Amino acid sequence: MVLAEIYRTPLTGLLFGQSLIERPLTEQQDPLLLPSLLKQTGTKVMLLSGDGAAATDSELFFLSGTQYQAKESERQVYLGRAAGIDYVLAIVEADDYKDSGLGSWMTLREGFAMLCELHAELFVEAQAIANWIRSEKFCPRCGSPVAAATFGWGQRCVNNDHELFPRTDPAIIASVIDSQDRLLLGSNATFKKRMYSVLAGFVEAGESLESAVRREIFEESGVRIGEVAYRGSQPWPLPRSLMLGFAAEAVSEQLVPDGAEIMDLRWFTRAELREALESGTIEIPRGVSIAHALIRTWYGEPLPEALNK
């Protein structure tokens, strides 16, 4: 079997495939940029805590630059500019704002289901940088504390001036297709009951993306992989991953779940998948995710969201 042409073409309509945000040039050093932006009424400040992003109903909540009163414990990051508006992230503690009249705190998973594309992209960017800032509190060279630098995108050691920047962990995600044109879906140990998706895993040190696809699929399912074709990518900052999507040719079909990450595996024909979704036997990831895009491309037509509830 050789992968059909449709499985070797780039995914279309993938969320975040083209950025709506002009990100800051982190090579430039301007310590006055953030303070200047926070003095402007037109600047929009996004609040992000461990509980999620400040929100009102189905939209993100923003303070203007002049409304935002920074607390000593808070960190600010310049997210960039979109449609003539500058956006700044404030990493806060939810308890500090419980009496401020905020509607709620929205998680990223919730936001994916309801936010407009710009707000979803802002949320992903903010979540990724906030996760990194929270986890990288000390210099890897000497163990000293680090302080904010470069519009919040960098952190600098207070002792030896060593500067750190965010790191992204590459992960592969693949639609595995066998000689009968069936799709492999698995149930991960971390998924809610009945959720099935295409298989994914992190790229290891010194490993190519193609090798990672073959290794991860075999480790999780026992399936050997032949041809591998790149389809597209999507950021997933939980904690700070970049999902790199592939289609992969299965050259074996016997399924052996690893029992640790993958609890169940099934080959699906198109008719079997539709029947399983309609009956509620299984669920698949939501339509904004690269996992859904890979499944939808194999299926050949939209899978109504109503079937995934």
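**Close-up views of a predicted model**

**View 1. Ser175 sits in strand β11.** This is a predicted model, and so are the views that follow. Who are its neighbours? Setting aside anything within four places in sequence, Ser175 is in contact with Leu183, Val198, Phe246, Ala247, Ala248 and Leu294.

**View 2. The largest pocket has β11 among the elements that line it.** Its volume comes out at about 1,200 Å³. There are 36 lining residues, and those closest to the pocket's centre are Arg109, Phe191, Ser197, Trp236 and Pro285. Two or more lining residues come from each of these elements: the helices α2 (108-114), α4 (209-221) and α6 (290-299), plus the strands β11 (169-177), β12 (183-188), β13 (199-202), β14 (225-236) and β15 (241-250). Which element gives the largest share of the lining? That would be β13, with four residues.

**View 3. The largest nonpolar core holds 78 residues.** Helix α3 (residues 117-135) gives the most to the core, with 10 residues. A separate core lies apart from this one; it has 19 residues, and Leu184, Val223, Val228 and Ile262 are among them.

**View 4. Met46 and the residues it touches.** Leave out residues up to four places away in sequence, and Met46 still touches Ala53, Leu60, Phe61 and Phe62, along with Leu79, Val88, Leu89 and Ala90. Leu122, Phe123 and Ala126 complete the list.

**View 5. Arg81 and Asp86 form a salt bridge.** Side chains of opposite charge can pair when their charged atoms come close. Here the closest N and O atoms are 2.7 Å apart. Are the two partners buried or exposed? Asp86 counts as buried because its relative accessibility is 12%, below the 20% cut-off. Arg81, with a relative accessible area of 34%, is partly exposed.

**View 6. Arg182 and Asp178 meet through their side chains in another salt bridge.** The N to O distance is 2.7 Å. Both Arg182 and Asp178 are buried.

**View 7. A network of salt bridges links Glu204, Glu207, Arg215, Glu216 and Glu219.** Zoom in on Arg215 and Glu207: their closest N and O atoms are 2.7 Å apart, and they form a salt bridge. Arg215 has a relative accessible area of 16%, so this arginine is buried. How many salt bridges turn up in the whole structure? A search finds 15.

**View 8. Strands β8, β9 and β10 make an open sheet.** The three strands come in the order β8-β9-β10, and the pairing is antiparallel. At the edges stand β8 (146-149) and β10 (163-164); each has a single partner strand, so one side of each is left without a neighbour in the sheet. Strand β9 (residues 154-157) is joined to β10 by two bridges, and the two strands run antiparallel. For a residue to look for, pick Arg156, whose bridge partner in β10 is Glu163.

Terms used: Residues numbered from 1 in each chain as written. Predicted model: local features only at pLDDT ≥ 70, side-chain atom pairs only at ≥ 80, totals over all residues. Heavy atoms only, no water. Salt bridge = Lys/Arg side-chain N within 4 Å of Asp/Glu carboxyl O. Buried < 20%, exposed > 50% of the residue type's maximum accessible area, 1.4 Å probe, protein only. Pairing = 2+ DSSP bridges. Core = buried A, V, L, I, M, F, W, Y, C linked by side-chain atoms within 4.5 Å. Contact = heavy atoms within 4.5 Å. 1 Å grid on protein atoms, 1.4 Å probe; cavity = no way out; pocket = protein on both sides within 12 Å on 5 of 7 lines; lining within 4 Å. Points joined across faces, edges and corners; volume = space filled by probe spheres on them.
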